[in-house]
Amino acid sequence: MSVYSMTGYASAQHTPARECAEGDARNTASSRLGIEIRAVNSRFLDLSFRLPEELRGCEPALRDKLNARLKRGKVELRAAIDSAGASVVCEPSTRLLQRLNAIQDNVKAWLPAAQPLSVAEVIRLAVDESAPSKDWQAPALALADTVLDALLSAREREGARLAAMLFDRIALLRTLAAKAEPLIPQLVAQQRQRFLDRWSQAMALTEGQATSDIAQDRALTEATAFAIRIDVAEELTRLASHLDELERLVKKGGEIGKRLDFLIQELHREANTLGSKSAALELTHISVDMKVLIEQMREQVQNIE
């Protein structure tokens, strides 16, 4: 399966086919339906709709379509119906003029102060008369499928870019871990020498005041505590395990964003512990470099579905 980003944008328009009689200028006007979907990252699936009155009845069906194909993200669907008839001057029919004249006379009989119809108002009414009423539900649902397909393609392309970035950062983290592993025997050897030095110093300081066994116990206790503090082998092992799981999930794809986010937190914890246990400047630098890479991964993982 692919890795999908939660961010994306897609839009499409639909102009219905028109059937008009030859030479009938009143039917040259047409309407165009447009739908666009915008999506950004979110912890859950958050849907919102901005629909014209003609499409209010479509909202439940549109919501079902989005719920069926999207898992996470803040998603906004906008739809609009643009009428080209507003820019077309239609000649009012004789029948319409007769009706308007009769209605106007009836209104003025009851409301003498009423303003008469203007030419612009008559033309607008003629456009409304020539534009046939249309049920937009079926075209809107079909167009929504097209836009949703385009949105998923856009999210898949962005997801592929995010996956490539994650693979790159995983490889860099493995390289840093490989640099840290040889430092552990060196630190152990340094600690062994430090133990011998401390033990010799303790023996000299306690001469005549404490037995050699007491001095040796004191040195052993101090050396053991220090050895435990600088031992980062366990952290490196866990870090490698988390990287393996990250790589497996990204290759698997699908709905992996929340699991990736959890693993990033675990990686950050191991890198922090590695830095806090550091007994060498080089190991400290490695820990800082790891945390920079992990933070870059965390920012991008927030966008994965």
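This is a predicted model: local features need pLDDT of at least 70, side-chain atom pairs count only at pLDDT 80 or more; totals for chains, interfaces and linings use all residues.
Arg 248 is partly exposed, at 39% relative accessibility. Glu 245 is also partly exposed, with a relative accessible area of 23%.

The chain that holds this pair has 305 residues, and 35% of them count as buried. Its secondary structure comprises 9 helices and 4 strands. Read from the N terminus, the order of elements is β-β-β-α-β-α-α-α-α-α-α-α-α.

Helix α7 spans residues 233-252 and packs with helix α4, residues 137-180. The two axes come within 10 Å. They cross at roughly 160°. Angles over 145 degrees count as roughly antiparallel, so α4 is roughly antiparallel to α7. The crossing of α4 and α7 is left-handed.

Salt bridges number 22 in the model. A further example pairs Arg 298 with Glu 295, whose closest N and O atoms are 2.6 Å apart. This pair lies in helix α9, residues 281-301. Arg 298 and Glu 295 are separated by about one helical turn because they are 3 residues apart in that helix. Arg 298 is partly exposed, at 33% relative accessibility. Glu 295 is likewise partly exposed, at 27%. Elsewhere, salt bridges with shared partners link Arg 174, Asp 244, Glu 247 and Lys 251 into one network.

Arg 78 and Glu 76 form another salt bridge. Their closest N and O atoms are 3.1 Å apart. The two partners fall into separate accessibility classes. Glu 76 has a relative accessible area of 18%. Buried means under 20%, so Glu 76 counts as buried. Arg 78, at 32% relative accessibility, is partly exposed.

Leu 111 is placed in the loop between α2 (94-110) and α3 (119-130). The relative accessible area of Leu 111 is 51%. The cut-off for exposed is over 50%, so Leu 111 counts as exposed.

Thr 273 is located in helix α8, residues 257-276. The relative accessible area of Thr 273 is 22%, which makes this residue partly exposed. Thr 273 and Leu 236 are 37 residues apart along the chain. Their C-alpha atoms are separated by 10.0 Å.

Terms used: Residues are numbered from 1 along each chain as its sequence is written. Side-chain values use heavy atoms; hydrogens and water are left out. Helices (H or I, at least four residues) and strands (E, at least two) are DSSP runs, numbered from the N terminus. Buried means under 20% relative accessible area, exposed over 50%, partly exposed in between (1.4 Å probe, protein chains only). Axes are lines fitted to C-alpha atoms, for helices over the stretch in contact, and angles run from 0 to 180 degrees between N-to-C directions. Angles under 35 degrees count as roughly parallel, over 145 as roughly antiparallel, 65 to 115 as roughly perpendicular and the rest as oblique. A crossing is left-handed if the near helix is turned anticlockwise from the far one by less than a right angle, and right-handed if clockwise. A salt bridge is a side-chain nitrogen of Lys or Arg within 4 Å of a carboxyl oxygen of Asp or Glu.
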